[in-house]
There are 2 protein chains.
Amino acid sequence: MAKIVECVPNYSEGRDLEKIEKIVAPFKEDTRIELLGVEPDGDYNRTVVTVMGEPEIVAEAVIRSIGIAAEVIDMNVHRGEHKRMGATDVVPFIPIKDMTVEECNELSKKVGKAVWERYQVPIFLYENTASAPNRVSLPDIRKGEYEGMKEKMLLPEWAPDFGERAPHPTAGVTAVGCRMPLIAFNINLDTADVEIAKKIAKAIRFSSGGFRYIQAGPAEIKEKGFVQVTMNIKDFKKNPIYRVFETVKMEAKRYGVNVTGSEIIGAVPMEAIVESLAYYLGVEDLGMNKILESKLMK
Amino acid sequence: MAKIVECVPNYSEGRDLEKIEKIVAPFKEDTRIELLGVEPDGDYNRTVVTVMGEPEIVAEAVIRSIGIAAEVIDMNVHRGEHKRMGATDVVPFIPIKDMTVEECNELSKKVGKAVWERYQVPIFLYENTASAPNRVSLPDIRKGEYEGMKEKMLLPEWAPDFGERAPHPTAGVTAVGCRMPLIAFNINLDTADVEIAKKIAKAIRFSSGGFRYIQAGPAEIKEKGFVQVTMNIKDFKKNPIYRVFETVKMEAKRYGVNVTGSEIIGAVPMEAIVESLAYYLGVEDLGMNKILESKLMK
């Protein structure tokens, strides 16, 4: 069965629909690619595109799209509320099916190399594909933004992974890399006390000593009179949904508070659901191979 | 997105591989059809075939395959341990994706009608597609088997749904209908006392007053020293996995026994997994639309 990768490139154009149309054309032209979303944001002046398909096919379309963005966007005149460093700002590849992180890293490198060779846009590899610890996190790479890149890239630790030590004169630089699918997960508490949500968030998130792949914070749902622990699960294989959910339940008990439910924002990989139900039912061998539909996805 | 149906036709030939090859040829010839299994059984003298694909495409191949079975199998000389009434004995259609039971009933009727018109094999519609309560259950329709059909079909209540009141001279009659995907689910108890498994099975199964779509019994796993409640969930939408699992846990408590785990035999539709996890996490809107891969199954 075919490997499937998701790609969510971010382009620094969120207002001019004609330009956006040109940028996404490579995804529309190839019927083998699933174009799942094109979300322009005027305030950010940025468009987030979501595509899925076989790795080689997606990669080629992404490369061509980055080339078009480099042609139609001039970063020297770009203004928007979102931080950015290039016409194509960041290109995350996400392994969805039958694809290892290693394969996804290789794909990211291949795309980065091709973008430099074809369009002379320098590339930083980031996240799982990063070549050094200081360039794992996108905010670290992007610090200084487009305007500061010229100077930053001359620093010893900021040579790009592909290309010369200077941003493209109009298209800046682009980050490319493999990351795991992110699950946006919120857990409801039967209290209006946001301090309790804050304490629980601290207990589970990495930045305060919690689970390695959890980002979490409190949220007040004022119109409904309760609070949430809101989180991103950055690697559902290593920090599965059920484990975070049961830990939040356990922590909530300390404060005499109950978990009343939860919500998942956006799409979630089937595997994350299967793995978590396997916990609740105590099924040892419940994996993707047991799912009828997995036989249909070729 | 395309509708997907599964079909699991049973043919009364399990020994002559050349004949079986001819019968399954329509499924192999059409690359749009997923041929998931061909399981001949010599003792039964019967072959179970599993295919999936778009309804119209699967239907046409199934019709042609039934025609071939009618040509190569002579029920007058058929011997086997499994009860049977036709060269193609039974043709269940199972709605897998984006397909209602009503649509699946229509498909079953269309296939039944075409089989009669093209090959003069009379058809009984069964299960969800049955035209009367006495022909919902396959064993009721099949009672008397091939040899008894001539007489049975003259009874007022046993006129076929398509065709004349006499079996095909060599191919007999065939049952066609829509049924829900069946989940084979076993729950492990931390006891070796099969009587306890028997009591719990009685509490949950329809035939003793339990859940409408549950068939259940006890099983001894002697080499591991424990017993199971073994069951078929015949409609996972109406009797979801979690509900049966939690009910078995609750009943087990009566006997001071714990549920230690469970196993799922064969493939299970994604929706059954998603719905049950939604229960454990208390997620209100967790449905197939939240599953990343469902966007890939066209």
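Let's start with two helices in chain B. Helix H7 covers residues 241-254, and helix H8 covers residues 270-281. Their axes come within 8 Å and cross at roughly 55 degrees. That makes H7(B) oblique to H8(B). Keep in mind that this is a predicted model.

Who makes the contact? From H7(B), the residues are B:Ile241, B:Tyr242, B:Phe245 and B:Glu246. From H8(B), they are B:Ala272, B:Glu275, B:Ser276, B:Tyr279 and B:Tyr280. Sort that contact by class and you get six nonpolar residues, one polar and two charged.

Stay on H7(B) for a moment. B:Glu246, one of the contact residues, also pairs with B:Lys249 in a salt bridge, 3.4 Å from N to O. Both sit in H7, three residues apart, about one turn of the helix.

How many does the structure hold over all chains? The count is 37. Why pair at all? Side chains of opposite charge can pair when their charged atoms come close.

Here is one that spans the chain. B:Arg84 bridges to B:Glu147, with the closest N and O atoms 2.8 Å apart. This pair links distant parts of the chain, 63 residues apart. B:Arg84 lies in the loop between helix H2 (55-72) and strand S5 (88-97) of chain B. B:Glu147 lies in helix H5, residues 145-152. B:Arg84 is at 5% relative accessibility; the cut-off for buried is under 20%, so B:Arg84 counts as buried.

Next, B:Asp285 and B:Lys290. Their side chains meet in a salt bridge at 3.7 Å, N to O.

Chain A has a network. A:Arg46, A:Asp89 and A:Arg142 are linked there by salt bridges.

Back to the H2-S5 loop of chain B. B:Arg79 is in it. At 52% relative accessibility, B:Arg79 counts as exposed. What does B:Arg79 touch, leaving out residues up to four places away in sequence? The answer is B:Arg15, B:Asn45 and B:Glu147. As for B:Asn45, it is 34 residues from B:Arg79 in sequence, yet 7.0 Å away in space, C-alpha to C-alpha.

Two backbone points in chain A. Most residues other than glycine have a negative phi. A:Asn45 has a positive one, near 50 degrees. Where is A:Asn45? In the loop between strand S3 (34-41) and strand S4 (46-53) of chain A. A:Asn45 is buried, at 5% relative accessibility.

A:Asp98 also has a positive phi, near 55 degrees. This residue lies in the loop between strand S5 (88-97) and helix H3 (101-119) of chain A. A:Asp98 is partly exposed, with a relative accessible area of 44%.

Last, how do the two chains relate? A rotation of 179 degrees, with 0.0 Å of shift along its axis, superposes chain B on chain A, at an RMSD of 0.2 Å. That is the relation of a two-fold axis. And the interface? Of the interface residues of chain B, 98% are also interface residues in chain A, so the copies meet through the same surface.

Key: Residues numbered from 1 in each chain as written. Chains lettered and ligands numbered in written order. Predicted model: local features only at pLDDT ≥ 70, side-chain atom pairs only at ≥ 80, totals over all residues. Heavy atoms only, no water. Salt bridge = Lys/Arg side-chain N within 4 Å of Asp/Glu carboxyl O. Helix = DSSP H or I, 4+ residues; strand = E, 2+ residues; numbered from the N terminus. Buried < 20%, exposed > 50% of the residue type's maximum accessible area, 1.4 Å probe, protein only. Axes fitted to C-alpha atoms, helices over the stretch in contact; angles between N-to-C directions. Parallel < 35°, antiparallel > 145°, perpendicular 65-115°, else oblique. Contact = heavy atoms within 4.5 Å. Nonpolar A, V, L, I, M, F, W, Y, C, P; charged D, E, K, R; others polar. Least-squares fit on C-alpha atoms with pLDDT ≥ 70 in both.
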